Amino acid sequence: MLSSSAQCLCGAVKITASNINPKLTACHCESCRLWGGGAFLAVRCGTEIALEGEEHISHYDSSAWASRGFCSTCGTHLFYKLKKTGEYNLSAGLFPQVKEFRMDMQYFSDQRPEHYCFSNETKHLSRAEILEYFATQN
Ligand SMILES: [Zn+2]
Ligand SMILES: [Zn+2]
């Protein structure tokens with residue numbers, strides 16, 4: 001596990017994550033692509049997160065099981081947060097200084113559009129597999 005600090009584009013929000021899993025995940029779901037223009041690349045950080053400037057974070061309630069956080073000043077996408085466990089998936093782009101990230105998993109692989117693909121060797125989860133997983137979490 002890694003520890004690192006991060007900040008949004010404008011610096012209003014600062015995040016310190018002390019338990020970063022370096023296995024990067026890519027999500028191809030329609031919500032992530034609509035949110036950010038392409039796959040959302042994230043790292044799982046558990047609940048050990050310290051936030052500064054929390055008043056600048058806007059939360060969007062994006063599904064029954066998760067919300068998305070972004071800086072209300074500069075719009076930087078910060079995290080995807082699971083409601084049930086409170087776990088944060090922080091945007092991998094917040095940590096340009098970390099060199100240990102390796103893409104490990106692609107979510108909603110069957111929803112990836114044809115106009116891009118990653119050549120990384122990873123595991124894949126389809127939409128059906130993910131929905132089944134979340135169904136067992138509730
Ligand atoms: Zn900002
Ligand atoms: Zn997604």
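The largest nonpolar core of the predicted model has 25 residues, where a nonpolar core is a set of buried Ala, Val, Leu, Ile, Met, Phe, Trp, Tyr and Cys residues joined through C-beta atoms within 7 Å. A residue is termed buried if 20 or more other C-beta atoms lie within 10 Å of its own, exposed if 12 or fewer do, and partly exposed in between, with C-beta atoms placed from the backbone. The residues with the most contacts inside this core are Ile15, Cys27, Phe40, Cys45, Leu78, Leu90 and Leu94. Strand 2, strand 3 (23–27), strand 4 (40–44), strand 7, strand 8 and strand 9 (88–91) are the elements that each give two or more residues to the core. Strands (E, at least two residues) and helices (H or I, at least four) are DSSP runs, numbered from the N terminus. In soluble globular proteins, nonpolar side chains tend to be buried together.

Leucine 78, one of the core residues named above, touches Cys8, Val13, Ile15, Ile57, Gly69, Phe70, Cys71, Leu90, Ser91 and Leu94, residues up to four places away in sequence being left out. Contact here requires that the C-beta atoms of two residues, placed from the backbone, lie within 7 Å.

As this is a predicted model, local features need pLDDT of at least 70 and side-chain atom pairs count only at pLDDT 80 or more, whereas totals for chains, interfaces and linings use all residues. Residues are numbered from 1 along each chain as its sequence is written, and chains are lettered from A and ligands numbered from 1 in the order in which they are written.

Eight strands form an open sheet with mixed pairing, in the order 6-7-8-9-4-3-10-11, and two strands are taken to pair if DSSP finds at least two bridges between them. At its edges are strand 6 (57–60) and strand 11 (123–125), each of which pairs on one side only. Within this sheet, strand 7 (residues 66–71) and strand 8 (residues 77–82) run antiparallel and are joined by five bridges, with alanine 66 opposite leucine 82.

A second open sheet, of three strands in the order 1-2-5, has antiparallel pairing. Strand 1 (2–7) and strand 5 (49–52) each have a single partner strand, so one side of each is left without a neighbour in the sheet. Strand 1 pairs with strand 2 (residues 14–20) over five bridges, and serine 5 stands opposite threonine 16.

Phenylalanine 134 belongs to helix 2 (residues 127–137) and counts as partly exposed because it has 14 C-beta neighbours inside 10 Å. Its C-alpha atom is separated by 7.7 Å from that of tryptophan 65, although phenylalanine 134 and tryptophan 65 are 69 residues apart along the chain.
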